[in-house]
Each structure stands twice: as C-alpha cells, then as structure tokens.
Amino acid sequence: MSDVAGPSRDRFAAVTEEVTSIPLRYPEPRGWWILFAFALLLLMVFVVSAGALLRYGVGMWGNNIPVNWGLAISNYIWFLGIGHAGTLISAMLLLLGAHWRNALNRFAEAMTLFAVVCAGLYPILHLGRPWLFYWMAPYPSTMTVWPQFKSPLTWDFFAVLTYLTVSVLFWYIGIVPDLAATRDRARTRRQQVFYGLAALGWRGSARHWARWGQAYRLTAAIAVPLVVSVHSEISLLFAAGPIPGWSSTVFPPYFVLGAAFSGFAVVAMIAVVLRHALGLQDLVRERHLDLLGIFLLATGLMTAYGYWAEVFDVLYAGEKQELGTLQDRLVGAYAWSYWGAVVANFVPLQLLWFRSIRVRPLPLFLIALSVTIGMWLERYMLLVTSLYRDWLVSSWAEYHASVWEWGLFAGMLGVFLAPFLLFVRFLPVISSFEIKEVMAEDEEERHA
Amino acid sequence: MPDAPRDGPAGPGRPSTARFGERLAGRTGRAFWRSLEELAGTPEFAAALREEFPAAASLAGVLDRRSLLRAMAASLALSGLTGFEAHAEETALPYVEQPEGEVPGIARWYATAVTFGGFAQPALGKTYAGRPVKLEGNPDHPATGGASDVFLQAALLGLYDPGRSQAPRRLGRPATWAAFDDAVLRTATALDATQGEGLRLLTGTVTSPTMARQIAALGTRWPKARWHVWEPMAGSGHEATARVFGRPLDMHARLDRAEAVVCLDADPLGPGAHQSVNARRWSARREAFRRGEGGCRFLVAEAVPSLTGMMAGDRLVAAEARVAALLLALAAEFGVAGASAPDLAGDERRWLADASAALRAAPGRGLVLAGERQPPEFQALALLVNERIGALGTGLTFTAPVAVAPPEGMGSLPALVEDMAAGQVSALVMLGTNPAYTAPAGVDFRAALDKVAFRLHAGLHHDETAALCHWHAPLAHELESWSDARAVDGTASIVQPLIRPFYAVRGVHEILANLAGDFGSGSRDIVQATWRDWWGEAFDGRWRDALLRGFVEGSAPDPVTPAVATRDVPPVPAAADGLTVCFRPDPTMWDGRFSDNAWLQETPKPFSKVTWGNVVAVSPALAAERGLATGDEVTLTLSGRRLTGAVWVMPGQERSTLALTFGYGRRHEGGLGAGFGYDAFALRPEGRWSLAGAELAKTGGRQQVATTQTHQAMDGFDFVRTVATPGEAVPKADDAPSFYPRRHWDSPSWGMSIDLDSCIGCNACVVACVAENNVPMVGKDLVAQGREMHWLRVDHYYEGDPAAPKSYVQPVPCMHCEQAPCEMGCPVNATVHSSDGLNLQVYNRCIGTRTCSSFCPYKVRRFNWFDFTSADPPEMRAARNPDVTVRGRGVMEKCTYCVQRIAETRITAQKEGRPIHDGEVVTACQQACPTRAISFGDVTDAASAVSGRKASPRSYALLEEANTRPRTTYLARVEPAGNDGGGEAG
C-alpha cells in the first residue's frame, strides 16, 4: 500500500470517512429515534411479559401436556437460526476469501450476536425454575451432581454458550481497527474516550495487524464449524425424542440449512434497510444484493429438499404413527403452519432466479421477509404438529399460545432491535478497513 | 391428642384482642395481611390495645408510637397461630413421655367406616400423629373385601374441606351452641304440650342402629311427630319386592355366582353404594371364567352408556320404553304367566334371542336385573323372570331391608312438603340432607318452608337449605365422630373417629340427643348405649372386637327365601315420541353432596372424561341432525321447565335420548362446587327417572367443557388389545434393537400388570392416587387447558360405529420404562433409574425443561405450571401424606409406583433381615381397585403374582413399537370375536 497514488488515497479516506461519520455524526437522527423509541417500547413489553412469567410461572403460557414446548422453543430455534447467517457470511467467506463479504459482515455479525442473545434467553425463561438454569453447566458443586451428558439439552447449553462467546469475540476482534479509526476522527472528548477505550489501544502497527490477522482467522476457523454443530445439536432436541415427526436422521442438516436460509433472509433485509437509511449505496452495492439473493435461493432450495426428504422418509418407512403426524401436518389443526411455511418459504423465492429481481432492494426485501416468516412457521410447525398428537390418542390436545407468549415474542424483538439500533448508531456498521484492503488489492492488480 | 381444635364460637368474656386474632384465624381463605401496620392501623386496634395493655399504651408516648404498634401487632400475629383458639384453656404440651405405641412418623391404622347414601363403606384410616391421611377399603369386611370406590377414597378430603360449616348459625349469622341449646330446648318443651304435633324429622337413608334407636325414642316422647326420608338418588326402593313378595326386601345380585346376567337398564357395576360389592363379586366371577370355571356373560340393553354396558359382551342400544318391552318379551320367552311378547325390531329380536340363549345355557346360574330406576312394576316383572330361570336364592338373594324405614304412612319428601304448605308443620329438623337443592321439580320446598315456624338444619355445609333455616348446626364429619352404620349387605360397622373435631361441631347423634333434651352425652356414649343394649354383658369385648375389625361380625341379616305372592304383568309401555330425558346420578358428584370435594370435581367422568361440570349428553345421530357439537349451549325444555347446559356428543347413547346428571348447578354461597353445570333437579318431577317430550334448542352460545381426553376414538391403533379366549396369545413384536445394552436387574425390581379384562373404569384408583400422593387439583380452566395433574389416568376409547360403539378403558400410570426416553432427555439428572427398576423423579433437582414429558410416548408426566400447593389452606395441608413430597412450582412429577410404600416395606424387611414378600408392597391404586385389576410386585421373582401375570399370553406392553420396555404392562381384554353378533362368552 506504500506507493498508492494521491487520488486513491483520497478514495480510501472517503471510505473511512463514510463509515466512521455514521457513529460520529449520525445522518438521520430523527428516523433513528423513532425506531429506537419503538424498540424501547418492545423492550418494555419484554420486561412486563418476562416479569409476569418469572412471578407466576410457565403457566402464564398456553403450554400443556402434551405440548410442553411452544413458542419459546420454536422462537429459540428461529432466533438461533437467524444468527447463523452472520457467522457464515463473516467467517466462512472470510476463510474462503470472498471479498464481497466485507460490505456485509459487520452488521451481519452484530445481528448474529443479538439473535444469539435472544435465542439464549428463551430456553432459560421457558424453564419451570429459571433461576436454576446453571445446573445445566458442569461446575464443581457441593451436590456433586453433573449434568446428564446424554441429554441434547446439556449440549444445547454448551452449544449456545460457546456460540455466544465465539460470536462476541469474532465480532469484537473484527471491529477493533474501525473503532480505532473512529477514535482518530472523533472530535468530542466523550467520543474520544469512548472509542479510545473500545479500540483497546489499537495503533495500526504492522505487529498489530499480524496478530490481528491471526486472531481473526483463528476465531473464524472456530466459528464456522460451530454453525454446523450448534444447529445440528439444536435439531437433536427434537430428533432424540421418540416422538413421531421428530425422530428423523434428516434433522441435523435440515436444521442447519434452514438456519442459514432464514439467516440470509434477515441479512438481506437488514442490508436493504441500512443501505437505504444510511445512504451506503456505494458500499453495499447491487452486486451484494445479487449475491445475497443467490445465497437465499440456494439455501432455500436445500431447505426445500429437507421438506421433501422428510415426507419421503415417512412414506417410505410407512410407520403408522409417522404417517399420522404427516397427515396432521398436511391437513390437521395446524396445517396453516405447514402450508404457510411451504408457501412463504418457497413460492416468492422462485423470483430470485431472475437477476433483475435480486438486485432491486424492495423485491429482495419482501422476499426475505416472506422467508423469515416462513421459517418461523416451519419451526412452529415442527414443534407443535409433532407434540399435539403424539403416540397415545388419549393425550392429544391442542396448543394455543397465550397473550403472554406473544408478548414475550414481541418483547424479544425489542431485545434484538434495541441493541442493534444502538450498534447502528454508535459503532461502525461496515468494515471500512477490509473494504479498503480490497480496494488496495484491486488497485495493485490493476497496476500490475 | 396434640391437635387441639382450632376455630370456635365467639364466646362471651373473651378478651377483645381476640377479635384481631379472629382476623387472623377466623377466615375462609388464608389470612393475608399486607403489613403489620395494616393489621394494627385501625382505631379498634389502638382501643383494644389500651384496654388490654394500659401500660403499653402509656409507653406509646415515650416510644415511637408506630414501632410500638408494629411490635404489638407482630406478637399478636405470632400468637394468632395458637393463641386464640376456642379451646385455648386445654393445655397442649409436647410429649414428655411418648404415649405407648405412638411413634412419630409411623402411621397407625384404625378401622372405621364412612357412609354413602346412608350405607357404610368400611374403611381403614391411616393416621399420622392423630391426623388421617388416607382411607382404604377394609380387606376383612365380608361384603367389600377391601374394595373401595371414588367416594370412599375422596371422603378424606371431605373431612379437611375448608368450606365446611364451622360454627352454629342462627339466621345465617354465627351463633353459639349455648343459644342453639336454648332454642332446641324451648322448641322441645313447646312440643311436649302437643305430643309432638307438627314436629317433622327429615333425614337421608338411615342404616345406623343408633340413629334408628334415637328416632324411635323421639317417637315415643312425641307420638304425633313424623319422620320423613329423602334420598334423592334412591330408586323405587322396596316397591318391587313388596309387590311380588308382599313385603319389602333388599335384593343382592350375586354377580360372583351368576354366569349369564341380563341387565335391562341396570348398572350393577356403576357408581352407587353397591358398586364396590358388585365389582368385587363380578371380578371374582370374571377370574373364574378366565380360569375356565363357568361363564361370565353380560347382556345389557340400555339407553345411556353405563360401566356395566361397557363391560358387557353384548350391549343393545335401546330406548327407555323399549327396555321395558324387551323385559316383557323376555318374560314371555320364559313363560311368565300373562306376559305376551310385544313386537320387537330386528336387532332387538337378535339381542333377545342371545339373552334367552345365554340364560338357558346357564340354568340356575342366570340373573335378570332391571334397573332400580325403572318403574317398580317392571322391576317386579324382572323378579318374576328370575323366578322362572331359577335365580331366586342363587343369583339373586334377599334379606330384610338393611335401611331403617319410617313406619308406614310417614312418607317421603313430597308428603312432607304438602303438609308444610298446608301449615301442619311447626318444627322441621333436617339432618344431613339438602332438600332446598334436591327437591324434585314441582315440589316447592322453598315456598313451603316459609310456613314452618322452627327450621333446623344440621349438615356438613352451610348449604342451600341451611340458608333458609332459622338454625344451622354444623355436623361433625364421620371421620371425627362416633356413629354406626350398615353396609349394603347389612353388616354393621362402628364408625370411630380418627381425629378430634377441628371445629365447634356436633355429631348427628348428639343433635338428635339435644332434640330429646340430652345435652350432655357425647356421640360415643350414645352409640355405645345402643350396642350395650344388644350385647349386654359381652359388650366390652365385642365393642373392642368391632372396633378392631371395623365391623360387627355376623351382624348381616340372614338371607330369606321369599315366596312369590303376586304375579302381575304390566302392559307394554307406549312408545315415547320425541326426545326422552334420562336422569342419572352423577358418577362423581352423586346428587351434589360431594360438590365441594375438589378431588371428585376433578375426577373425570368415566365416559366423557369431563370434569368440573355436567353436560347434556346427546347421541351422535341427534347431534348430526340438529347440528350440535360438544360444547354448544342448549336450552332443554321439559314440561314447561327449562335448563341451559353444554352439549356432549355421547357415542352409544340411544338416538332420541338425552342424558342429564344431577349434582351441579349448586347455588350455596361460597361453595367450591357452586356455579358449575346445570341443576337437573329443577327439571325432574318426583319419582321419574326418565320423561319423554323434551325440546332441545341451541342458544347459539358455547360453554367451556373441561375434559381430560378430547379424542376418544382408538383410530385403528391397538392401545387396548383384545383376545377371543382367555388362553389366546396377544401377538408380540420381536425385541427391537436398541442403542443401549440391556441391563441386568437385581431382585427386587418392581413392575405392574393391569388386567384390562377386569378394569371397569370406576376411577377409584385415580382418587386413591390423588390422596396417597398429594396430587394437586387445578380447577376447571386449567383442566380445559390440558394441565390436570393426575398421576394415574383412565383412558377411554371407542371403537366402531358411533351409534353403538365398543367402549374400552385403560388405566395409564407411569410405565417405568427400562429404557426411558425421559431419562435420556433430562439435562440435569432429575429423572433417573433406581436400582430396583423405578423411574424416579427428583423434584429438587428438576429445573423444569419439560423435555422428559415431550419425550414421553405415554404422556404420563405432569408439570407444575403454577405454584399449585403453597396457597392451600392449612386444613388441606393437614390432609397431605407426610411420606410424599409436596411439589413446588416449575417441577415435573409423575407416578412413582408409590415409592414411599416400597421404601417403608423395604425398611421393615431389612430390619427383620428378610427379603420383601410378594404382595407386601401394595400401591394405592392397586389397593383401591375393587376388581383387583392391578397387580404389583417383583418382576425378577418368577414366583411373584405380577410375574405370573406378565407370563400370561394376554400380557402386552403399551406402544411396544416405541421400544421403551415398559415395566407397566397390560393383560388384554377377553372379548369373543364378533361379540356384537353374540359370541360364546364375554
């Protein structure tokens, strides 16, 4: 980068300026405040519904025997699934050297982080005695009782905790150079102190960069297999139980692909919104939208294969109980969730075969929204349609989520949205130094 | 006994602070006060404080007044726990020397009895430190042999019912016993002048020798007084035997002898005072049949599904009027003089041919039963048929009536109400009866009661009748007072208290003694006087013997062999047009007397599995025709009277029959059961159990029906399996491979076998489990949400045409799977396997992930969605079994195979240095079962009873294909193939 010509140095400076100016001088504070007020309102809903839950018990929800798990667990899987796209985009594409990721990775990682937080809260809140959740951890206790290592839940606990830790690390390591850049451009004392502390004394020395590169790539290497293992593990929450509709070997890949699918959809939505709201059209370009659309289509088709494989499994095996569950899914009381998932996931998706649709923000946004809803329906369907009519006819009962569950869901969106908006407002949403790196490499190539 | 009675009447001369104690103690629910300030912050408190502690009041100026008051209130609140009880003068001290035989924590058992519909249900009561916690059938009793029913099992909660009346009331306000005594004395004195003219006594069925003696004594003092009996659910009583034999007799169906039983609207296995006895006898016959010793064939014709109909091999759905026609045809078939066969439809002819063939195939071993709620002339006709088939004295035996009846002409409730309305009644004493609620439609008891100058009601609850009376006297529960009563076979039991009365209550015998001017004698003296008269010199020994045994040996009346005196054959009843309403006692509420018993309220009705309410049962055909669905609100009009209720579509009910049950629509203030369901009494005319000409209209509304089983079709699965003959083997799946190795099990290793060929679905096991294991009740809304807590449920399935389906029951406790999915699912080791083969639930380790329940194929696990237990009033807490943990919020629970009983037996055996004998551990459900359908024991011991059952070719595991290797297995029901066409046995 030493002999970079004058005009291109200006271009680099412009990129840094564009990215760091957002936290330092937020362009559209009014819209942000409206959104943030809305997020805080949702956060209040969360506090109230979680408070009632903790005060009175899980009975506030609509669960019963047989449907022991409801919205809480399906939302848990949904949120965690969303998170996976962030890791895939950041870590996997980093390792594969796909440079276009640089426009998307920062906010995708932030999305992962907050989605994992939401996901992690759900299983704790859904416990009968949430204050004892730490009993799932293998810590040396006076009771000398260990967790039960055959249980998928024990591994869920490890998986989510690991995933959260790695996501935080990966995101924070990635943002440090940009925090330093922001610090250097900060004008007010308060901003200087804040970004200064957050930048951990980053000076951009060669040694810093070398260490940083090692750490970043190493964390990425840890994060990528986590995507597969975490959601495979989550699928065992279902697949380990001898419940018709659950105990299927297709579940682990099916869940991982579904997770990526829903995650890419949410990344696409956020990309479209941020691009528009923060005027980042020059950084998040059509090419990025196009690639997001392709990924969405690809993972969507793989998920569709999962649907097909599941049905095929049931028909091929011909077990009466499994056939019954399949029938319940197709025409039962919750058929809306099955067909809703099929339609919302796969019908609008087909438009993404056309590049003209992929590169247009609004259609892409709407298709992604449809997928997000569809994948939510799928999680709900997998859970409820299996449980509400399991083995013994005598135990069959329907489940209707109570207003408190919907309240907690709305509140959880607040838990996601509020910190995400703070991130957008106060931290560099796009990795400016990585974009510059790509630009520099491009230029070097051109010079050569 | 350390349990001093708690609340008492507000006597004169009590310190005024006592009123604040009352604010803590004298409450209906729990005493909540938000702060000590609130308790102390009233002017009355300050005034009372000055009065009680003048010195402290003067201190108030020196100290901060607020903190002083707070300290005073705190000590008052603490003393409120003990300080303001009625019998505070009775010194309570901890044991200095332990009473002989009393070991804290070791249960003591007493033989006693509770009554149901006037008849004794002999029981053993388990007490801890003088606190009864469980009732079980008395296994030595000659009639019941240890069998019990839901009502016996639930009687315990009746004792602890916090809604029980706790002090006398005058015009609805709390009063003292002294004032009560005054009023009774004045009335009695006034009656002396007229020889008791205008005095009426109203009771339920009386079998108590002591009560009979007392009533007779009243009759001697006041010859013009009259005694009326009102037992709302009793059928026509002795009318049939009086017609046929010329004298009233009790009939005893010997189901243990009868090999072919034809039931015409009769439900000998159904709920009622006879249920335990009949069920025990029937199961004995059934066992013999399975051993190949004779048949056991039931043929039932009925309009409304009954438990007997469910167990019958051949059930004909017949309208109420057609049942009588079938009986006539049967009479004609067997040559009862004067009986001519009416026209029968095709399936009726087929059923009749089967019934006749079955009776002929078992000469002298047949039995024809007409329902006790059929018109008396048809019951009489059934007796004539029994004469023809040689059942009199074999299948059907007779004794002199067990119940004491009022002398001729005294009559029933309608006669009393007539006299009351005519102003001929000046004093009415009602003992343990609630006519303001149970009076038939058209008998305006409430209006007539207004004309009675002195109205006294004695009962367990301040019910609808009590609210209309001048005086209400709270009765002692049977478990806290002395009495006596006879079981249905006539064997007398001494009812001995298991605990001293909680409240300021009196026994029913004391009330009667009060009436006779005796205010001093206790119930024990009164009961003893009766038996002392009979036994004379031998009294002491025999009394002691009767208390130990729980019954008076040889006190049953001898069977008589009556000669037929009259042979009248009634005409064929006219076919009813339109809709016929059939009235039935409620299987858990009976006539409403148990409506404040939460255990019974939450016991699912055997067919519909409905809890906390009654329904208007309609046939599927009628429902289809009228566009009715379960839960639709309908208005039922009958003879100008109407009620509104929720529809239940009842498969197997006759097409144009509507079935109503009593016991709901209670209106007593503050009652637990008030406000649920409809009141069928308001629709039923005196003496009628069915009535044609009903109109049904949809209101368009919906009502919540809280059922524990929304889906009752077996849907082609084989949950309940059947075999055609007792020796036939159930097809077994090969051992499926498993990921985990098979474990080796050391002896003992527990298992259970439930014989579906014996289970009649009576629910006794369900309530026994509730009582034994402190299972919380959750109420109607939560049941409707699918959150009932029963550890043991009885699943009910239909199979076949909804118009006349086959009906099956299957009790489902925890299966204690050897390869339990729940154990694999739990992340914190809260559900684990014990070395003796139990699937244990560790409550204090459970964090409530509910994975175990999600993974459980049998869905037998129950979750504490809320804190179900800590809000229980202290009375209810006293009812809990101290051997079983009370579960808190957010933990999973389930059947433990009564692990506390296993542990107790194991400790005893270990102390004695011996292995546990087979049959030594008896689970609560097993003990309660009147048909011995449940067997429990060591499955590794090939000689144990349960291993014997598991080796039976009929043995199978529920959901074998789930490969969980359950320890609870079932024995298939024996049901000859094509039994709807009339098989050989079944």
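Student: What should I know about the model and its numbering?

Tutor: The model is predicted, so local features need pLDDT of at least 70 and side-chain atom pairs count only at pLDDT 80 or more, while totals for chains, interfaces and linings use all residues. Residues are numbered from 1 along each chain as its sequence is written, and chains are lettered from A in the order in which they are written.

Student: Why is strand 19 of chain B largely enclosed by the rest of the structure?

Tutor: A residue is buried if 20 or more other C-beta atoms, placed from the backbone, lie within 10 Å of its own, exposed if 12 or fewer, and partly exposed in between. Strands are DSSP runs of E, at least two residues, and helices are runs of H or I, at least four, numbered from the N terminus. Six of the six residues of strand 19 (residues 579–584) of chain B are buried, so the strand is largely enclosed. Leu579(B), Val581(B) and Phe583(B) cover one side, and Thr580(B), Cys582(B) and Arg584(B) the other.

Student: Which strands pair with strand 19 of chain B?

Tutor: Pairing requires at least two DSSP bridges between two strands. Strand 25 of chain B is antiparallel to strand 19, over four bridges, with Ala692(B) as the bridge partner of Thr580(B). Strand 24 of chain B is parallel, over five bridges, and there Thr661(B) stands opposite Arg584(B).

Student: How many residues does each chain give to the contact?

Tutor: Residues are in contact if their C-beta atoms, placed from the backbone, lie within 7 Å. Chain A gives 37 residues and chain B gives 43. On the chain A side, helix 5 gives the most, with three residues.

Definitions and conventions: Contact = placed C-beta atoms within 7 Å.
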